[in-house]
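Hi,

Here is the structure I promised to send over.

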Amino acid sequence: MSETVDIIRSVAELRARVRYWRDQGLSVALVPTMGALHDGHLTLVKAALELADRVVTSVFVNPTQFGPNEDFSRYPRQEEQDAGLLADGGCHVLYAPTVTEMYPAGFATSIHVGAVSEGLCGDIRPGHFDGVATVVTKLLLQCQPHLALFGEKDWQQLTVLRHLVRDLDLPVEVVGVPTVREVDGLARSSRNAYLSAAERSIAPVLFKVLNQIADGLRQGGAAEELCRQGIAQVLEAGFLSVDYLEVRAADTLERLTRLDQPARILVAARLHGARLIDNLAVEPAHA
Ligand SMILES: Nc1ncnc2c1ncn2[C@@H]1O[C@H](COP(=O)(O)OP(=O)(O)OP(=O)(O)O)[C@@H](O)[C@H]1O
Ligand SMILES: CC(C)(CO)[C@@H](O)C(=O)[O-]
Ligand code: BAL
């Protein structure tokens, strides 16, 4: 384990470091994050260290993926603590560019990934996935890693980024990492820090409902009815609203009525303190 992690803030310095590694024949993995690191992020770093010789973790709270009424200004920022966690986790470089390094004056380009960006979080957070696709393209071109790792917790994001890399022939392998959960099933998320104690005790109902719907689908149930019951259960538990609870094809994110192909059940719901998302894989018996 390293005791410190090198902090790099400029594209030029990051490029030089990665070129130096590549010249030595070392492989490089990038773990993009928005910081406030938790076990979910550290699991991505651990997976990256198993797959590559050198690991860069980026911490950048990307303004362009937040809507005007979202939590950009209050999103947790704790670089010193993040640097300590990354050092303990064996990460080699923390890449933490400033907003002006990432978006210099006059920046005017945006990347839109069609189809899989629409619906679900794409409808609820207009422009969100354009912001994500644009910043991830920049991070990939700045770092030029062999691999980039993303969490399955953000399944629509992972799907969008797989399409982005495929459609633009970006020379990087996208690796998805299964969701890391608390013991009661709640997906680890930086935004869990916004929850009050009472909300924290309600939050695991999301994972419970996802599992119930998966069981219902495996028994031949109709997706729409199972989701309708699930929404009622989430609201009854104390959530203020449900943005969506849907069964989609795992790869194309097309809406499914029954479990006739590998699927993902995806949910986003709001407590007073935070909007939480989660999802669960479910496969037909003879997929
Ligand atoms: N519980 C988790 N398990 C696996 N991967 C995760 C988990 N939480 C986050 N990640 C992944 O870490 C990367 C960085 O995510 P991010 O920094 O937005 O953290 P987050 O906890 O998802 O925060 P937020 O509260 O903003 O959703 C993404 O690829 C995300 O999918
Ligand atoms: C991929 C990402 C780092 C892009 O800002 C962000 O959307 C996240 O943390 O999931
Ligand atoms: N983890 C997804 C980033 C976002 O919610 O903006």
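This is a predicted model: local features need pLDDT of at least 70, side-chain atom pairs count only at pLDDT 80 or more; totals for chains, interfaces and linings use all residues.

Helix α9 covers residues 205-218 and helix α10 covers residues 223-237; their axes come within 10 Å and cross at roughly 160°. Angles over 145 degrees count as roughly antiparallel, and α9 and α10 are therefore roughly antiparallel to each other. On the α9 side, the residues that make the contact are Val205, Leu206, Val209, Gln212, Ile213, Gly216 and Leu217. They meet Ala223, Leu226, Cys227, Gly230, Gln233, Val234 and Ala237 of α10. Sorted by class, this contact has 10 nonpolar and four polar residues, with no charged ones.

Now the other helix pair, α6 and α7. Helix α6 (residues 128-143) packs against α7 at an angle of about 50°, and the two axes are 10 Å apart. That angle makes α6 oblique to α7. The class count here is seven nonpolar, two polar and no charged residues.

Next, the domains. The chain is assigned a domain 1 (6-177) and a domain 2 (190-279). Taken over C-alpha atoms, their centres are 26 Å apart. How many residues are in contact between the two? The contact involves 12 residues of domain 1 and 11 residues of domain 2. On the domain 1 side, α5 (121-124) and α7 (155-167) are the elements that give two or more residues. The most come from α7, which gives three. So far as class goes, that side of domain 1 divides into eight nonpolar and four polar residues, and no charged ones.

Then there are the ligands. Ligand 1 has 18 residues around it, and the ones that come nearest are Gly40, Gly151, Arg188, Ser190 and Arg191. Two elements give two or more residues to this shell, α2 (39-51) and β5 (147-151). Which of them gives the most? That is α2, with four residues. The shell around ligand 1 splits into six nonpolar, eight polar and four charged residues.

Around ligand 2 you will find Pro32, Thr33, Met34, Asn62, Gln65, Val132, Val135, Val136, Asp154 and Gln157. Here the elements that give two or more residues are β2 (28-33) and α6. The largest share, three residues, comes from α6. By class, the shell around ligand 2 has five nonpolar, four polar and one charged residues.

Cheers

Methods:
Residues are numbered from 1 along each chain as its sequence is written. Chains are lettered from A and ligands numbered from 1 in the order in which they are written. Domain bounds come from an automatic or database domain assignment. Two residues are in contact if their C-beta atoms, placed from the backbone, lie within 7 Å. Ala, Val, Leu, Ile, Met, Phe, Trp, Tyr, Cys and Pro count as nonpolar, Asp, Glu, Lys and Arg as charged, and the others, Gly among them, as polar. A residue is near a molecule or strand if its C-beta atom, placed from the backbone, lies within 6 Å of it. Axes are lines fitted to C-alpha atoms, for helices over the stretch in contact, and angles run from 0 to 180 degrees between N-to-C directions. Angles under 35 degrees count as roughly parallel, over 145 as roughly antiparallel, 65 to 115 as roughly perpendicular and the rest as oblique.
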